[in-house]
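Here are some exercises to work through with the sequence and the model side by side. Try each task yourself before you read its solution.

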Amino acid sequence: MSCWETLADYGLRSLGYGERLLPRDELTICQQVVLIGSGMLWNIYFGVLSVIVGFMLATAVALGKASQSALWRKLSEWFIFLFRGSPLFIQFFFAYFLFLSLKSSFPAASVFTSAWSGALVVLILNTAAYSGEIFYGALMSVPKGDIEAADAYGFKGWSKFRKITWPTMLRLAWPAYTNEAIFLFHATTLVFFSGFPARQQQGDALYYASYFADKTFNPFIPYPILAGYFILLTLIIITLFGIVNRRLNRHLPQNDRPRLKLKPRLLR
Amino acid sequence: MCTDPSQLDQFSWLACYLTTPKHMALYWSVGTVLSLLAITAPAALLFGFGGATSARSRITPLRWFGKGYIAIVRGVPDIAFFLFFVIALDQGFEWIRHQVKCPDWPDPIRQGNDFIVCAAAKMPLGTAPQWVHETYGFFLAVLTFAIVFGAFAANVLYGAMRSVPHAQLETAAAYGMTPRQTFWRILVPQMWVYALPGLGNLWMVLIKATPLLFLLGVEDIVYWARELGGAKTARFTDYPHADWRMWYFFGLLVFYLLFTRVSEVVLDRLMKRLTHGQATVGGEAQRKAA
């Protein structure tokens, strides 16, 4: 079987298209590269959606934590504490079994017992807590002078937030937020190891990598392939976030622009 | 009193239920997690110190090795390393023992999808009792954690070593200290203040990584929570109950929240202690506040 046929058979296997049976013996490198790559689709799906939705929720959480009202402040603080203080792995397990028990009383909750939605909810809440804390820190370091200048120009309420506070907050938070986004993508590999079932062996990249490692009893091929994919993904994220970073800092003189640097990790 | 659970009232039923031998195993596995932390933290620090030192070395291959070791923390999900190292280390040990114990073995070790070493090189030996197997599994997990977290620690310590003011090292050189003396007497004592925030962060991360023990095949709290929580019928146990896994994992969630919270408070105190009297912004702020 040529490599192109393998690609046609297994390229979308993680989504349930193509060949039903996974290869069992005489596993070629090509099969491993194709299937692990196919699994990456799930990592990208989880990562992209939770970054987008989590970003909006994180802004709300940061504003809540900085709010005058004690209720919102406490609520945001507890939310952040709950999701940052416990392992993501346990959160996945708990959420899965929570949805399972909800299923008996609310049939609608059965949607969330599958990975594509249930794990996504957990990831969104988790990244919202981590990024919320980052955004809150940035919100607190918005220069006082910027706000005073905005007041002097007559900016008020929403337009002050939209045009002055928010862009500055994003600009300050962006390097840390880039880091968070990268590790969120890495965290997506936990999904199929934490209760959420991989229906008909449709799993993510790590799921297939460990499948191959178990089958061939040789970890030295599938895991480096997985590592290669993730390094590539990390580089793409850095590039995309770098473009946004340049846009956020375009008004600053060349030398003052912060450069994005991959910092030591923030595993969860 | 627990002889006939079906006759008990709710409270004593629960008390009896929570003290069954299997639940005792769950409580013991908390000990497993704590001992993993107690062994891994210093081991990772040692690995990290080695990594950071070799990344600063003047010997080029050693420096490459150190930098490469630090670089593995970037770009690749850590859980992939966990899954990788557990098998790779196991096979590595068996391979070495195979080379030593059975040098005349004719067949190749890798045959298709099999990894075959001679019987004397098996780790642990096939005849070994169960506890040896479990201890070996735990040892592999500790080593894996130490390698991965050692890389994180190396990153932190490398940064801390570079944060020590350069003038300090130049002064040491001016006093005629050898590089070795400068390193041990000037650099190492001063770097800890710079390293502590990073190491504290790492400690929290390490706590939150302990449930991954489950993936490494150790019977830890996640394993027992899944075992004990599953629905039980009256045929197999004296304590039949519905699917309670949600409550077990809720318990684990609370356990970890408390654990990280306590660590946070302790680390804060420690940081306050260490900054006291230091010539840093934090130390200066403390002086002014007093």
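**Exercise 1.** Find how helix α3 of chain A and helix α5 of chain A pack, and describe their contact.

*Solution.* Step 1: locate helix α3 (residues 70–85) and helix α5 (residues 115–140) in chain A. Helices here are DSSP runs of H or I with at least four residues, strands are runs of E with at least two, and both are numbered from the N terminus.

Step 1: take the angle. The two helices pack at about 115°, with their axes 9 Å apart. Axes are lines fitted to C-alpha atoms, for helices over the stretch in contact, and angles run from 0 to 180 degrees between N-to-C directions.

Step 2: name the arrangement. Angles under 35 degrees count as roughly parallel, over 145 as roughly antiparallel, 65 to 115 as roughly perpendicular and the rest as oblique. α3(A) and α5(A) are therefore roughly perpendicular to each other. Their crossing is left-handed (the near helix is turned anticlockwise from the far one by less than a right angle; clockwise would be right-handed).

Step 3: list the partners. From α3(A), the residues A:F79, A:I80, A:F83 and A:R84 meet A:L125, A:N126, A:A128, A:A129, A:Y130, A:G132 and A:E133 of α5(A), where contact means heavy atoms within 4.5 Å. These residues divide into seven nonpolar, two polar and two charged. Ala, Val, Leu, Ile, Met, Phe, Trp, Tyr, Cys and Pro count as nonpolar, Asp, Glu, Lys and Arg as charged, and the others, Gly among them, as polar.

A note on the model: it is predicted, so local features need pLDDT of at least 70 and side-chain atom pairs count only at pLDDT 80 or more, while totals for chains, interfaces and linings use all residues. Residues are numbered from 1 along each chain as its sequence is written, chains are lettered from A and ligands numbered from 1 in the order in which they are written, and side-chain values use heavy atoms, leaving out hydrogens and water.

**Exercise 2.** Now do likewise for helices α8 and α9 of chain B.

*Solution.* Step 1: the axes of α8 (residues 221–229) and α9 (residues 245–275) come within 8 Å and cross at roughly 155°. α8(B) and α9(B) are therefore roughly antiparallel to each other, and their crossing is right-handed.

Step 1: in α8(B), the residues B:I221, B:V222, B:A225, B:R226, B:L228 and B:G229 touch B:R245, B:Y248, B:F249, B:L252, B:F255 and B:Y256 in α9(B). This contact has nine nonpolar residues, one polar and two charged.

**Exercise 3.** Which secondary structure makes up chain A?

*Solution.* Step 1: count nine helices and zero strands in chain A.

Step 2: turn to the record. UniProt lists "domain: ABC transmembrane type-1" (unreviewed entry) at residues 40–244 of chain A; such annotations may be inferred rather than shown by experiment. Over that stretch the chain is 79% helix and 0% strand.

**Exercise 4.** How many residues does each chain bring to the contact of chain B and chain A?

*Solution.* Step 1: chain B gives 39 residues and chain A gives 43. Step 2: together the chains bury about 3800 Å², 75% of it on carbon and sulfur atoms (buried area is the accessible area, with a 1.4 Å probe, that two parts lose on being put together, summed over both). Step 3: in chain B, B:N113, B:K208 and B:M246 lose the most area to chain A, together 17% of what that side buries.
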